[in-house]
Amino acid sequence: MSSSLSSVLEADHRELVDSFEAFVRRELVPLAADLPETSDIPPAELRAYVRTRSAKLGFYAGDYPEDLGGCDMPFTAVVLLHQAAGRSGCPLAPYALAGSDGPSPLLRHGTEEQIERYLKPLVRGEAVRCLALTEPHAGSDAFHLTSTAVRDGATGEWVLNGRKTFVSNADRADFTLVVAAAGGAGGEPTAFVVEAGTPGLRIGQRYDGMSGEPLFELLLDGVRLPADAVIGGEGGVGAALGNGIDSLSRGRLVVAAMCDGIAEYALAQGVEYARERRAFGERIGAYQHVQDHLVRSRAEVEAAKLMTLACARLVDAGTEAPENAALAKLTSSETAVRVVDRALQVHGATGWVRGHPLEFLYRYVRMMTIIEGTSEIQKVIVARAMGLG
Ligand SMILES: Cc1cc2nc3c(=O)[nH]c(=O)nc-3n(C[C@H](O)[C@H](O)[C@H](O)COP(=O)(O)OP(=O)(O)OC[C@H]3O[C@@H](n4cnc5c(N)ncnc54)[C@H](O)[C@@H]3O)c2cc1C
């Protein structure tokens, strides 16, 4: 879509996006060609290589400040890179950009030592982490925690107990960011760093989802942590909610951008197929029902991209309102689900066959209306901002 309406908002970062796309084409596409068609997840060593290589080139975690190892990239540029990664259709491209195993905004509130020890290796792509927030009875209502962190008066250590669920990357994380109620049930949400191998931290059930990486249950059974395991030190006790809310808009806009890219790729696939595939003596793209799938998708993709980019610009201007990011995440994630569905429909059985990119995307994109706040929760945020309820 060279005449894409959003190109008007991309101009400032065109060179960066071009160089990222060249990196994907030159280095990642050839590597991806060797991946088995039957597996959704590239091997961990390959993902680690892609991360560190991309960090060296300045793409991975590029929005982090230079003194932390990033490139001080504006947030709009980050969003454009995520859109480009999805649009490329290369299964390795998303791993070239920081995601749920990358640097966590929570650690931006860390002590100097925590920033050195945990955040910087994440920015360099050399370490991976996971976030253990969700609990069996605290999903959307994420801070309704029953996992507790209680101080041992004798040693000053924190003792963590509880059960976390649906945790991404738990099987390979170098450390886990655990959010627990400080002082006992009903206490203030507080974030702790728990290094892999800490006694009492154990993986429980594994959840294999519709696509991609599995999620895990994490059990905290008397996990003893030194006083300085609280993110931000003493001042970090009770600060997880405030610190987390700070970064919600950015997280939602990254998901929106990933969705925009996926939708753009799916649409391109649909258009290409409709131009070639023949039925009843005509190219199927000549039929109005097929055109309807693709033209509707084009309109929705353009609108979603524009909304994401406008929100990213507001973030850079320091004037982003949470309801804007909620609108963008709601729009882009639901658009991507619909567009992938329509593109698969245009492909008929060809798109349904295991190993076809649309078959994978159909399963993969479904999580996007659930992660970083479900669609319903985005609507709650927007409704509140509209003075409803
Ligand atoms: C792929 C994937 C990766 C994940 N990774 C992580 C991770 O790394 N770490 C982590 O801690 N968690 C993770 N999660 C969990 C995720 O954060 C939760 O699934 C999400 O917050 C929703 O919670 P829930 O699944 O318990 O649904 P629930 O909160 O039980 O919601 C069920 C339904 O009720 C709706 N609902 C709930 N409250 C309201 C309301 N007030 N108004 C209207 N509707 C409402 C929801 O929208 C949803 O449709 C992951 C989930 C997925 C799918």
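This is a predicted model: local features need pLDDT of at least 70, side-chain atom pairs count only at pLDDT 80 or more; totals for chains, interfaces and linings use all residues.
Is threonine 198 buried or exposed? I looked it up: threonine 198 has 14% relative accessibility, so it counts as buried (buried is under 20% relative accessible area, exposed over 50%, partly exposed in between, with a 1.4 Å probe and protein chains only).

Residues are numbered from 1 along each chain as its sequence is written, and side-chain values use heavy atoms, with hydrogens and water left out.

Threonine 198 again. I found it in the loop between β5 and β6 (201-207); strands are DSSP runs of E, at least two residues, and helices are runs of H or I, at least four, numbered from the N terminus. A polar atom of its side chain sits 2.5 Å from the backbone oxygen of glutamate 195. Leaving out residues up to four places away in sequence, threonine 198 touches Val223, Arg224 and Leu225 (contact means heavy atoms within 4.5 Å).

Next, proline 189, which I located in strand β5 (residues 188-195). Its relative accessible area is 7%, so proline 189 is buried too. Among the residues it touches are Phe143, Leu145, Val179 and Leu241. I also checked aspartate 221: it is 32 residues from proline 189 in sequence and 18 Å away in space, C-alpha to C-alpha.

Last, helix α10 (residues 357-364). I have Leu358, Glu359, Leu361, Arg363 and Tyr364 down as buried. Their cover includes α6 (240-276), α8 (322-347) and α9 (349-352).

Technical notes. A polar contact is a pair of N or O atoms within 3.5 Å; within protein, one must be able to donate a hydrogen and the other to accept it, and residues adjacent in sequence count only if both atoms are side-chain atoms.
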